[in-house]
Amino acid sequence: MDWRWLAICCSLPPSLMMVAMCFMPETPRFLLSKGKRREAEEALRFLRGPDAPIEWECARIEDACNEQGSTFHLSDLKDPGIFKPLLISILLMVFQQMTGINAIMFYAENIFEQAHFKDSDLASVIVALIQVIFTGIAALIMDRAGRKALLIISGFFMMISTTAFGVYFYLVSKTPSTASMSSAAAEPHSDLTWLALASMAIFIAGFAIGWGPIPWLIMSEVIPIRVRGFAGAAVVLSNWGMAFVVTKSFQDMMLWNNYFHLAVAFLTQESLQLENFSSDKRSKIFHKYQDMRRQIGFEIRDMWYNLGPHKIKFIPEMVGPVLEMTLVPEIELRKATIPIFFDMMQCEFHFTCSFQRFENEIITKLDHEVEGGRGDEQYKVLFQKILLEHCRKHKYLARTGENFVTLVVRLLERLLDYRTIMHDENKENRMSCTVNVLNFYKEIDREEMYIRYLYKLCDLHRECDNYTEAAYTLLLHAKLLK
């Protein structure tokens with residue numbers, strides 16, 4: 001459906017509600033509080049029907065209004081009987097929004113896309129349907145189960161589901177490192193796509209039976225009638241205020257994440273790679289537009305440094321895109337962007353006293369980028385020179401940083417050799433080079449990458465009809481299984 005028609009359709013319900021509200025009377029309690037008994041009786045007759053005993057109900061409401069006494073003043077908040085219920089209600093609303101429910105529902109489709117769920121549209125519809133069903137279930141069981149029990153059960157299910165979703169993202173992040181083992185072993189976590197939907201469904205179901213409706217119900221049950229107007233407004237304000245904070249924080253993070261990925265994708269697109277054109281065409285493009293890759297790369301670099309303390313939120317997710325950008329064969333771009341790696345190391349070290357996540361990610365991504373044709377001897381030299389200069393100037397990263405740079409340079413040497421030899425018709429040379437990389441990953445204890453090259457070696461043995469050697473290679477993997 002076109003977005004214009006969708007906007008028109010969405011405008012119909014509030015328009016109908018606005019028209020219908022013109023025919024709705026004021027509430028009987030409000031009318032009685034203003035001394036309008038006749039209007040209050042008419043409102044009750046409208047709500048209850050012409051045969052209902054409205055005089056008796058009207059008298060009860062009037063008695064309740066008289067018992068309410070004087071109007072509310074801010075000084076009444078000193079009374080524990082008012083302050084405690086109000087504080088409890090506000091905290092329940094704050095915690096309700098801190099579950100992230102609004103961010104999850106608003107960006108459900110984006111979350112499923114980032115989780116590599118194939119049909120994110122259908123998944124979002126299923127999640128919304130589950131919310132409707134379990135909200136109905138909550139309405140049926142709330143009075144029987146009790147408020148406290150449902151809040152505990154709801155929190156437990158949300159905790160389990162978010163943990164499971166985190167595990168799914170962790171497994172998906174590890175998929176690329178094993179994705180090219182062999183056709184039989186490719187996409188080892190593809191059978192876990194159900195976990196993304198199941199985790200989200202359990203979270204929504206857990207929220208719907210407890211933390212969704214119960215805070216609103218408790219508010220009406222614990223707040224005294226005399227302050228219900230002011231307190232209700234304060235509680236609703238806290239709810240929507242916290243919803244804004246959570247959603248805004250989530251949106252900002254997604255916005256920056258999308259910006260960096262989009263900018264890197266633009267920079268690395270085929271039509272901007274000047275070295276692919278003839279010298280004449282390259283000269284004309286450069287004379288007219290300069291090298292746009294350099295300009296965009298400088299902008300990405302500046303944006304990264306402007307993130308300040310928020311950088312840690314993008315580590316290690318941004319390691320891959322930055323690596324892809326630094327591998328572009330433009331020397332000034334490389335010189336300007338390779339220092340971002342040191343900044344990432346420094347940032348993670350500041351928060352965790354190590355840069356293990358950064359190291360794991362760059363080793364994994366570097367393997368795939370070099371195998372895909374990116375990287376050269378010049379890159380290896382620049383990487384080593386620039387990062388060593390930065391590390392040696394740092395008080396705490398001098399030794400660990402130098403060890404890391406040496407490790408990556410050794411890996412680059414082997415990967416570049418491997419990429420060259422893989423085009424060699426001599427299968428013995430290819431096997432030897434594969435074993436060289438495989439042993440390197442074993443030496444530095446990178447089990448997933450080691451397994452990846454075990455399968456590459458196995459495929460080479462099968463091509464040569466060395467089935468015994470292929471079986472022995474698989475046995476090496478089997479010994480790692482627990």
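**Close-up views of a predicted helical model**

View 1. Leaving aside neighbours within four places in sequence, His461 is in contact (heavy atoms within 4.5 Å) with Met431, Asn466, Glu469, Ala470 and Thr473. His461 itself is in helix H22; helices here are DSSP runs of H or I with at least four residues, strands are runs of E with at least two, and both are numbered from the N terminus. The relative accessibility of His461 is 8%, so the residue counts as buried. The classes are buried for under 20% relative accessible area, exposed for over 50% and partly exposed in between, with a 1.4 Å probe and protein chains only. The model is predicted, so local features need pLDDT of at least 70 and side-chain atom pairs count only at pLDDT 80 or more, while totals for chains, interfaces and linings use all residues. Residues are numbered from 1 along each chain as its sequence is written, and side-chain values use heavy atoms, with hydrogens and water left out.

View 2. His477 belongs to helix H23, residues 467–480. With a relative accessibility of 15%, His477 is counted as buried. Residues up to four places away in sequence not counted, His477 touches Ile451, Leu454 and Tyr455. Asp465 sits in the loop between H22 and H23. Asp465 is not a glycine, yet its phi is positive, about 60°. The relative accessible area of Asp465 is 51%, and the residue is exposed.

**View 3. Packing of helices H17 and H19.** Two packed helices are described by the angle between their axes and the distance between the axes. For H17 (residues 339–352) and H19 (residues 377–393), the angle is about 45° and the axes are 9 Å apart. Axes are lines fitted to C-alpha atoms, for helices over the stretch in contact, and angles between N-to-C directions run from 0 to 180 degrees. H17 and H19 are therefore oblique to each other; angles under 35 degrees count as roughly parallel, over 145 as roughly antiparallel, 65 to 115 as roughly perpendicular and the rest as oblique. H17 contributes Pro339, Phe341, Phe342 and Met345 to the contact, and H19 contributes Tyr379, Phe383, Ile386, Leu387, His390 and Cys391. By class, the residues of this contact of H17 with H19 are 9 nonpolar, 1 polar and no charged. Nonpolar covers Ala, Val, Leu, Ile, Met, Phe, Trp, Tyr, Cys and Pro, charged covers Asp, Glu, Lys and Arg, and polar covers the others, Gly among them.

**View 4. Helix H20 and its packing partners.** Buried residues of H20 include Gly401, Phe404, Arg414 and Tyr418. The buried residues of H20 pack against H17, H18 (356–371), H19, H21 (427–443) and H22 (447–463).

**View 5. Packing of helices H18 and H22.** The axes of H18 and H22 are 11 Å apart, at an angle of about 30°. That makes H18 roughly parallel to H22. From H18, Thr364, Asp367, His368 and Glu371 meet Met449, Arg452, Tyr453 and Lys456 of H22. The residues of the contact of H18 with H22 are 2 nonpolar, 2 polar and 4 charged.

**View 6. Packing of helices H5 and H11.** H5 (residues 80–98) and H11 (residues 214–222) have axes that come within 9 Å and cross at roughly 175°. The two helices, H5 and H11, are therefore roughly antiparallel to each other. Pro85, Ser89, Leu92, Met93 and Gln96 of H5 make the contact with Pro215, Trp216, Ile218, Met219 and Val222 of H11. In the contact of H5 with H11, 8 residues are nonpolar, 2 polar and no charged.

View 7. Ile315 and Pro316 are joined by a cis peptide bond with omega of about 10°. Pro316 is in the loop between H14 (292–306) and H15 (319–326). Cys353, in the loop between H17 and H18, has a positive phi of about 65° although it is not a glycine. Cys353 is exposed, its relative accessible area being 61%.
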